[in-house]
Amino acid sequence: MTQEHNSASQKNVKSESSKAAAKSAASAGRPALRDDRFFTLPVISLVSMSFLLGMSEFIIVGILPDIAEGLNVSLTTVGGLVSLFAFVYAPATPIGASISSRFERFRTLLFLAVVFLIGNLMCAFAVGYGMLVAARIVIALISGTTVAISMTFADDVATQKNRTKFVAWVFSGFSIASVFGVPIGTSIANTFGWRWSFHVINILTVVLIVVMCIVLPKNHYGPKSRFLAQFFIFTEKRIWGGILAVVFAAASTYVFYTYLTPILEQEIGIPAQYISLALAAYGVACLASNLYGGKLGDRGRGVVPLVKGRPSYLIQAVFMVALPFAVMNIIAGCVVLLVLGFLMYLQNTASQVLYMDVAAQTHPGSLNLASSFNSMSFNIGIALGSAVGGLVTDHIGLRWLGPFGAVFAVCAWLTAVWLNADLKRREAAKAAEA
């Protein structure tokens, strides 16, 4: 009887605690969190935002030939849009993230979503290549900052145990765009013309803006720091190690990914009507990469998850070297590309954990800036890889993109090895002090 009474009392206490937590969350302007539910409307809306950002960024890869034909420019000229996007994205992201920390978070996200809509409207109605270039610059200027701000909602829309899962799913929005967005956009382009791919993005963006206005927490100001003071985080060697690892790994992938559609058509020999299906299959591999990367991100704190994942870079290098020979056979070529797709995003959550944890330990006022580093680094890698890919395509041919990507993968592995050595030095120093 006493045990039953105690059990009932404990349940009442838990119930009262839950109610108190709900009231506290409501008074703070954010939704109450439940331990048993992750995919709430706020989480879904933020993942959807990254999905649309990814669809807009990657759609060029799927409709490269259509744009080239429609605007009467060469394939490599349109491929240059990928490099241009990344070149603008990379420096704009940390600057935008630093500035955004001074403003109310939801209003800033809403403003960026509207600018994103304007940029995609410009893409849809571009009357020439110059206007398309301007539109891509507008989108690139705000995309990284939008992702960084989405990451800062983690504590308000997910429980502490789901923090890493939330980060993985926000990144997975880009993979979901590869699975569904890019192939669907490619099919739409084939049926109605490439401009309709951007019209669809615009319609979805308007719907998402309305949903975010309803479900996202408001009136939140993060920890403020002087603009220039935030950049002192770049004096931390571990931050640079994480940045370089992501840059090299992304460059390795984008040497060939920028030209994935021509590789599938011209080298592997997949018929045009099946390209959308092939892109969807590659996207599934990328989605699996992001989700499994979330599990890798749970393998420790700080640099530990990224250091433990260093063998993946060597595996990536091996398959890159195999790519020129694999494309001679349709089955072998598809298998190698799927493996490379699975390796594409394994480091995302691990690197984000590194940036956020190191910032929290050493420069708490730079958390907003640190949340942008993964997007910044990845797009520096995109710019580097796609530029090298363009040179290789023009002078040697599509088939030989893989070995050049392998060089970057080895560089990523060497960076992770250095981070591991630095980790051991720090642990030895702590042990000596104790």
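## Model and confidence

This is a predicted model, in which local features need pLDDT of at least 70, side-chain atom pairs count only at pLDDT 80 or more, and totals for chains, interfaces and linings use all residues. Residues are numbered from 1 along each chain as its sequence is written, and side-chain values use heavy atoms, with hydrogens and water left out.

The chain has a mean pLDDT (the predictor's confidence in each residue, from 0 to 100) of 84. Of its residues, 90% reach 70 or more. Over residues 1–34, pLDDT stays under 50. Where pLDDT is low, the predicted coordinates should not be read in detail.

## Salt bridges

The structure holds eight salt bridges (a side-chain nitrogen of Lys or Arg within 4 Å of a carboxyl oxygen of Asp or Glu). K237 pairs with D422, with the closest N and O atoms 4.0 Å apart. K237 lies in helix α10 (residues 237–257) and D422 in helix α19 (residues 401–433), so this pair ties together parts 185 residues apart in sequence. Helices here are DSSP runs (H or I, at least four residues), numbered from the N terminus. K237 is partly exposed, with a relative accessible area of 44%. D422 is buried, at 4%. The cut-offs are under 20% relative accessible area for buried, over 50% for exposed, and in between for partly exposed (1.4 Å probe, protein chains only).

D422 also bridges to R426, at 2.8 Å between the closest N and O atoms. These two are four residues apart in helix α19, separated by about one helical turn. A network of salt bridges links E236, K237, R238, D422, R425 and R426.

R399 forms a salt bridge with E267, at 3.1 Å between the closest N and O atoms. R399 lies in the loop between α18 and α19 and E267 in helix α11, so the pair ties together parts 132 residues apart in sequence.

## Helices α16 and α18

Helix α16 (residues 348–362) packs against helix α18 (residues 373–395) at about 125°, with the axes 9 Å apart. Axes are lines fitted to C-alpha atoms, for helices over the stretch in contact, and angles run from 0 to 180 degrees between N-to-C directions. In α16, N348, S351, Q352 and Y355 meet F373, N374, S377 and F378 of α18.

## A buried threonine

T261 lies in helix α11 (residues 260–268). T261 is buried, with a relative accessible area of 2%. Leaving out residues up to four places away in sequence, T261 touches V61, G62, I275 and L279 (contact means heavy atoms within 4.5 Å).
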